[in-house]
Amino acid sequence: MSPQSGPCCVDALDDSLQVLREVLQHTGPVDGVLGFSQGAAMAAIAVAQLLNGGLPHGESLRFAMLFSGFAPRPDRTDLELFPAPALPVTVVHGTRDPIFP
């Protein structure tokens, strides 16, 4: 299995980040972010965006929990995950995951 890339995926990621931006603007700050599987990869991008000012209310973020996910590999420099300010993060990943070993 290889990750998809190209204009379609970039558009989908931009659309997802826009939805997150709108939700955060209307609902206010969040304490933490939790993601599972593909959602853990998206949560990692969201956390980086929150901490680096790409999404609103990043100053309120206190933790992230990422379960059974994978490290996203965005090909865009505006979505770099590191360096990011220190944040307590729990990452849980099994050693026998057949999809993301």
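Residues are classed as buried under 20% relative accessible area, exposed over 50% and partly exposed in between (1.4 Å probe, protein chains only). The model is predicted, so that local features need pLDDT of at least 70 and side-chain atom pairs count only at pLDDT 80 or more, whereas totals for chains, interfaces and linings use all residues. Residues are numbered from 1 along each chain as its sequence is written, and side-chain values use heavy atoms, with hydrogens and water left out.

An open sheet is formed by three strands in the order E1-E2-E3, with parallel pairing. Strands (E, at least two residues) and helices (H or I, at least four) are DSSP runs numbered from the N terminus, and two strands pair if DSSP finds at least two bridges between them. On average, neighbouring strands are turned by 5° against each other, direction ignored. Axes are lines fitted to C-alpha atoms, for helices over the stretch in contact, and angles run from 0 to 180 degrees between N-to-C directions.

E1 and E2 (residues 63-67) run parallel and are joined by five bridges; Val-33 has Ala-64 as its bridge partner in E2. Helix H2 (residues 38-51) lies across E1 and E2, at about 155° to E1, contact being heavy atoms within 4.5 Å.

The structure holds one salt bridge, defined as a side-chain nitrogen of Lys or Arg within 4 Å of a carboxyl oxygen of Asp or Glu. This salt bridge links the side chains of Asp-31 and Arg-62 (3.7 Å, N to O). Asp-31 lies in the loop between helix H1 (7-27) and E1, and Arg-62 in the loop between H2 and E2, so the pair ties together parts that are 31 residues apart in sequence. Asp-31 is partly exposed, at 44% relative accessibility, while Arg-62 is exposed, at 53%.
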